[in-house]
Amino acid sequence: MPNLQVNKKLEKIFTATQPIIVIIGGRGSGKSIGVGDILTFKMATEKADIYCLREFQDSVTDSVHRVFKDSIEKRLMLQGWTIQENCVISPEGAATKYKGANRNPDSIQSSQGYKYSWFEEAHRASQDSIDKLLPTILRNPGAKCIFTANPQSSADPFSQRFIVPYLPELEKHGIYEDEMHLIIVANWRDNPWWNEEQESLRKWDYENLTRSKYDWMWEGKFNDTIEDAIIQPEWFDAAIDAHLTLNIKPTGAVVTTFDPADQGGDSKGYASRKGILYTDIDEIVAVDGNVACDKATAKAIEANTDLFVWDGDGMGALLRKQIGDSFSGINCELRMYKGSNAVEDKKATWDNLKSFGSKDKPKTNEDMFKNKRAQYYMKLARRFENTYRAVIKKEYIDPDTIISISSEIKMLQKLRAEVCRIPRKPNGTGKIQLMSKEEMKAKLKIDSPGMSDCLAMGEEVPDLIKEAQPLEFESLW
């Protein structure tokens, strides 16, 4: 019998009855080595073949072949096994098989004949691969598929399917179980073979990396940022219930925004705020923009909205009459937003963000921004950074210039992914310009950020608002 030693968190794999087993975590957790050793043990004791998948695999060197080889030779020290260039074979004939799902999409169905499958680096799995693999597993009674991953964006197909729906339980207990799933969070502190060299590297990263990057690399948190993103994940996190953290009672106008989207598959965003507090941010599910518009206006009326703003670039330009009819007889200002328009208050001085502003003399809005979309998104970024400085850095910040997002919002993780993945785009004039939705889709594979756009449009301010009292707050400084 092989002498198997594994991370204690992985022991539940042996007794798991669920067909889907997911192990997620950051660097140094030993999850891949642990799963490799467990599956080698299964080959030795159950004569089980192992079907090994990755989304991308150009050769066997991209596979987990090395993990199995080391399990046999170094950790379990098994005798009589055959190690070939493209598989390992037990004395009883159990073997490994390696496939790339992306280049061989139909080969996923081949996993039906295997008791155990292993999808390594599953955070890269496409929606198509997940959709094909899961029914294949469930058709084979007693079969199990193990997914190992260091999560990337919360908007990725893997995250949406296996992490986001169970996130509260995973964050609270480090494990989630139901009849179909066993999901385990394993990180560096769970590794019984953690050594001083690894600890030195971790400490250096903790002291020198941004907190969001460290948490992604070492704690298995979502990586919801991209190069040149204008809003950082730690800023967003600081904004969650910031009004409660800072003892602020939000008052002021209710502003509601709606993004009807131009494509049928694009998200139709909706957001509503009272003063600095966003109480409702969502995606409206509807067959087309007109039906979504009716749903948005109905929600806005129920929220007693003072200003209703909708995106007028694209199909939104056709909604003016429909929106006007919806608000007929209701005291609410209606405004069409066009991000492609020229900047507002051209000669006004831009109050630069610390993270993006120049140390030179202040610039005017027309010298600073390419268009209104860039101007309004940078206003939003300034609110998020101000909130981070107030909540985390304990600086005094004018409470009218921060943003608070209710933790009760159901799509909080997807919103975080959208907000923190809006990138700047270089241009010849040196002005701030953002990558267009079309470019984000084509170059970065990022879907239309409908909810995030609604937050940017939320920087619109009513011309005539109901009488509002100043913000009430108790200073923490």
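Helices H7 and H8 are roughly antiparallel to each other (angles over 145 degrees count as roughly antiparallel, under 35 as roughly parallel, 65 to 115 as roughly perpendicular and the rest as oblique). H7 spans residues 196–208 and H8 spans residues 211–219. Their axes lie 9 Å apart, at an angle of about 155 degrees. Axes are lines fitted to C-alpha atoms, for helices over the stretch in contact, and angles run from 0 to 180 degrees between N-to-C directions. Helices (H or I, at least four residues) and strands (E, at least two) are DSSP runs, numbered from the N terminus.

The model is predicted: local features need pLDDT of at least 70, side-chain atom pairs count only at pLDDT 80 or more, and totals for chains, interfaces and linings use all residues. Residues are numbered from 1 along each chain as its sequence is written, and side-chain values use heavy atoms, with hydrogens and water left out.

From H7, Gln198, Leu201, Arg202, Asp205 and Tyr206 meet Arg211, Tyr214, Met217 and Trp218 of H8 (contact means heavy atoms within 4.5 Å). The residues of this H7–H8 contact comprise five nonpolar, one polar and three charged. Here Ala, Val, Leu, Ile, Met, Phe, Trp, Tyr, Cys and Pro count as nonpolar, Asp, Glu, Lys and Arg as charged, and the others, Gly among them, as polar.

Helices H2 (residues 31–46) and H3 (residues 65–75) cross at roughly 75 degrees, and their axes come within 9 Å. H2 is therefore roughly perpendicular to H3. H2 contributes Ser32, Ile33, Gly36, Asp37, Leu39, Thr40 and Met43, while H3 contributes Val67, Phe68, Ser71, Ile72 and Arg75. Six nonpolar, four polar and two charged residues make up the contact of H2 with H3.

The largest nonpolar core has 51 residues. Such a core is a set of buried Ala, Val, Leu, Ile, Met, Phe, Trp, Tyr and Cys residues joined through side-chain atoms within 4.5 Å. Buried means under 20% relative accessible area, exposed over 50%, partly exposed in between (1.4 Å probe, protein chains only). H14 supplies the largest share of this core, 10 residues. Ile405 is among the residues with the most contacts inside the core. Beyond four places in sequence, the contacts of Ile405 include Phe236, Ile281, Phe384 and Leu455. A second, separate core has 29 residues, including Ile38 and Leu78.

Thr256 lies in strand E11 (residues 254–259). Thr256 counts as buried because its relative accessibility is 0%.
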